[in-house]
2 protein chains.
Amino acid sequence: MLKLSKKTDYAIILLAHLGGQIDPVSAQEVASIYKLPYPMVANILKQLLSSGLIKSTRGQNGGYVLRRSAGDINLSEIIRITDSTFALVECVHEEDACKVYQCCPTSRPLIALHHKIQQFVEDTTLANIIEDTKSKNFRVKKSSYETAHLS
Amino acid sequence: MLKLSKKTDYAIILLAHLGGQIDPVSAQEVASIYKLPYPMVANILKQLLSSGLIKSTRGQNGGYVLRRSAGDINLSEIIRITDSTFALVECVHEEDACKVYQCCPTSRPLIALHHKIQQFVEDTTLANIIEDTKSKNFRVKKSSYETAHLS
DNA sequence: TGAAATAGTACTAATTAGGTGCTAATTTGA
DNA sequence: TCAAATTAGCACCTAATTAGTACTATTTCA
């Protein structure tokens with residue numbers, strides 16, 4: 001259906017929130033701030049943890065923090081973790097031999113599109129997203145990522 | 001999952017084939033050429049018909065032809081018919097009020113990405129795809145749509 | 001009239017997405 | 001030291017979407 005899963009949506013929200021905090025944030029806390037279902041949030045955080053994007057501390061006052069700086073985390077990684085590796089068409093990661101037909105007409109234009117999207121998600125960092133959110137209410141200038149990373 | 005459905009994949013293949021023919025092509029014929037399941041092909045063609053992208057003639061020697069020229073049909077339309085209207089994130093078509101949170105951090109960068117993709121699929125015509133397929137075995141120059149429509 | 005096709009619709013099966021539940025382990029503060 | 005807060009690691013369920021099939025009717029042409 002060519003859309004991001006809610007899991008990815010949520011993950012971006014969660015990570016952007018963590019990026020704006022210094023102390024650990026608990027699953028409970030983020031869930032209530034953004035009014036998301038707690039079990040879902042907890043699940044996604046666990047997944048982000050096991051993928052090494054965030055680190056955790058248990059017990060009272062425990063929670064999660066980013067493992068790397070927000071500028072070091074890009075959208076591509078997040079999508080890979082919560083959505084699966086991005087492939088607009090299956091054949092994009094299978095260098096040779098289209099299963100359907102040797103001269104399958106879809107390949108080239110769609111593969112070009114795939115690479116464009118890939119480029120964008122790699123160039124967009126969590127820091128870009130956070131910055132963008134902060135300036136959101138003051139819509140004076142265009143956000144940086146738009147001018148910096150795309151034609 | 002951020003990928004095109006097989007239906008869309010198939011639809012592009014079918015339409016590209018029709019675009020290269022003058023006489024009506026039957027569902028049976030395309031199915032056998034591309035080794036796709038006949039009922040699937042037939043179904044998609046019916047859908048493309050009812051959406052007005054192709055026209056049909058019944059009976060012996062019947063089949064389907066494009067209703068408009070290949071240069072007049074773009075990827076966006078095809079995706080809309082076989083995949084549903086493209087929306088990278090739900091909120092992209094709901095001008096106001098994010099359901100999740102007023103300052104939802106995802107919106108802007110993802111909406112920017114959405115528009116980039118939208119631009120691409122609108123600029124890529126069936127003619128581009130067909131042309132590209134023909135030149136595929138002679139990988140001398142880059143295909144036209146790449147230079148013409150993207151950064 | 002019969003074969004080759006489309007037309008329309010409804011159905012089934014497989015996969016994915018979204019969401020939940022349970023129990024264990026760990027930390028902290030009273 | 002104990003109870004509460006919190007993560008850890010599973011396994012599970014349900015609903016939605018995708019993929020593919022089936023059947024019957026209609027049209028056309030030789």
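## Where the protein meets DNA strand D

Let's start at a phosphate: a polar backbone atom of Lys6(B) lies 3.2 Å from a phosphate oxygen of DNA strand D. This is a polar contact, that is, a pair of N or O atoms within 3.5 Å; within protein, one atom must be able to donate a hydrogen and the other to accept it, and residues adjacent in sequence count only if both atoms are side-chain atoms. Several elements give two or more residues to the surface near DNA strand D: helix H3 (38-50), strand S1 (54-57) and strand S2 (63-66) from chain A, and helix H1 (6-19) and helix H3 (38-50) from chain B. Helices (H or I, at least four residues) and strands (E, at least two) are DSSP runs numbered from the N terminus. H3(A) gives the most to this surface, with four residues.

The model is predicted, with local features needing pLDDT of at least 70 and side-chain atom pairs counting only at pLDDT 80 or more, while totals for chains, interfaces and linings use all residues. Residues are numbered from 1 along each chain as its sequence is written, chains are lettered from A and ligands numbered from 1 in the order in which they are written, and side-chain values use heavy atoms, with hydrogens and water left out.

## More on strand D

DNA strand D is surrounded by 26 residues, the closest being Met1(A), Ser56(A), Arg58(A), Asn43(B) and Arg58(B); a residue is near a molecule or strand if one of its heavy atoms lies within 4 Å of it. By class, nine residues of this surface are nonpolar, twelve are polar and five are charged. Here Ala, Val, Leu, Ile, Met, Phe, Trp, Tyr, Cys and Pro count as nonpolar, Asp, Glu, Lys and Arg as charged, and the others, Gly among them, as polar.

Which parts of the DNA face the protein? Of the atoms of DNA strand D within 4 Å of the protein, 67% belong to sugar or phosphate, and bases supply the rest. A base oxygen of DNA strand D is 3.0 Å from a polar side-chain atom of Lys46(A). The side chain of Arg58(A) places an N or O atom 3.3 Å from a sugar or linking oxygen of DNA strand D.

## Where the protein meets DNA strand C

Of the atoms of DNA strand C that come within 4 Å of the protein, 69% are sugar and phosphate. The surface near DNA strand C has nine nonpolar, twelve polar and five charged residues.

A polar backbone atom of Lys6(A) is 3.2 Å from a phosphate oxygen of DNA strand C. An N or O atom in the side chain of Lys46(B) lies 2.9 Å from a base oxygen of DNA strand C, and one in the side chain of Arg58(B) lies 3.2 Å from a sugar or linking oxygen of DNA strand C. Helix H1 (6-19) and H3 of chain A, with H3, strand S1 (54-57) and strand S2 (63-66) of chain B, are the elements giving two or more residues to this surface. H3(B) gives the most, with four residues.

H1(B) has 14 residues and reaches 20 Å from its first C-alpha to its last, close to the 20 Å expected at 1.5 Å a residue; the expected span is 1.5 Å times one less than the number of residues. H1(B) is mostly covered, with eleven of its 14 residues buried. Buried means under 20% relative accessible area, exposed over 50%, and partly exposed in between (1.4 Å probe, protein chains only). Among the buried residues of H1(B) are Tyr10(B), Ile13(B), Leu14(B) and His17(B).

Helix H4 (residues 75-83) of chain B is largely enclosed by the rest of the structure, because eight of its nine residues are buried. Asn74(B) caps the N-terminal end of H4(B), with a side-chain oxygen 3.1 Å from the backbone nitrogen of Ser76(B). After H4(B) comes Ser84(B), whose phi is positive, near 100 degrees.

## Salt bridges

Side chains of opposite charge can pair when their charged atoms come close. A salt bridge is a side-chain nitrogen of Lys or Arg within 4 Å of a carboxyl oxygen of Asp or Glu, and the count comes to two over all chains.

In chain A, Glu77(A) pairs with Arg68(A) in a salt bridge, with the closest N and O atoms 2.6 Å apart. Glu77(A) counts as buried at 14% relative accessibility, whereas Arg68(A) counts as partly exposed at 30%. In chain B, Glu77(B) forms a salt bridge with Arg68(B), where the closest N and O atoms are 2.6 Å apart.
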